[in-house]
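Dear colleague,

Please find below the structure that I am handing over to you, together with its sequence. My findings follow after it.

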Amino acid sequence: MAEKPKSVLLPVLAAAVFAGLGRMVLQKIKADREARRSRLAGPVDEKTRQWISEVVRTPRQ
């Protein structure tokens, strides 16, 4: 009896999906690190602090 030829499609497809997911995870990690780095703000002076407080307290119209 002749043996069935092994399909190469499934392992190749699985490798492509795995590589794509790995790439997405790495991009997410890099983006999170960059966001954490860029979110650091400098010291806020008193005038700016009061303005922010006022804007937060007053309701929008």
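Helices (H or I, at least four residues) and strands (E, at least two) are taken here as DSSP runs, numbered from the N terminus. This is a predicted model, in which local features need pLDDT of at least 70 and side-chain atom pairs count only at pLDDT 80 or more, while totals for chains, interfaces and linings use all residues. Residues are numbered from 1 along each chain as its sequence is written, and side-chain values use heavy atoms, with hydrogens and water left out.

On this basis, the chain has two helices and zero strands. Helix α1 covers residues 9-38, and helix α2 covers residues 46-57.

As to accessibility, a residue is called buried under 20% relative accessible area, exposed over 50%, and partly exposed in between (1.4 Å probe, protein chains only). Of the 61 residues of the chain, 0% count as buried. The chain exposes about 6700 Å², of which carbon and sulfur atoms supply 64%; accessible areas come from the Shrake-Rupley method with a 1.4 Å probe, and for residues only the protein chains shown count as cover.

Side chains of opposite charge can pair when their charged atoms come close. The whole structure contains three salt bridges, each defined as a side-chain nitrogen of Lys or Arg within 4 Å of a carboxyl oxygen of Asp or Glu.

In helix α1, Asp32 and Lys28 lie four residues apart, about one turn of the helix. Their side chains form a salt bridge at 3.2 Å, N to O, and Asp32 is partly exposed at 35% relative accessibility.

Arg49 is partly exposed, at 48%.

Also in helix α2, Arg57 and Glu54 are three residues apart and their side chains meet in a salt bridge (4.0 Å, N to O). Arg57 counts as exposed at 60%, whereas Glu54 is partly exposed at 43%.

Finally, Val44, Trp51, Ile52, Val55 and Val56 make a nonpolar surface patch of about 490 Å². Patches are made of residues with over 30% relative accessible area and no salt bridge, like charges being joined within 9 Å and nonpolar side chains (Val, Leu, Ile, Met, Phe, Trp, Tyr) within 5 Å. Ile52, which lies in helix α2, is partly exposed with a relative accessible area of 40%.

With kind regards
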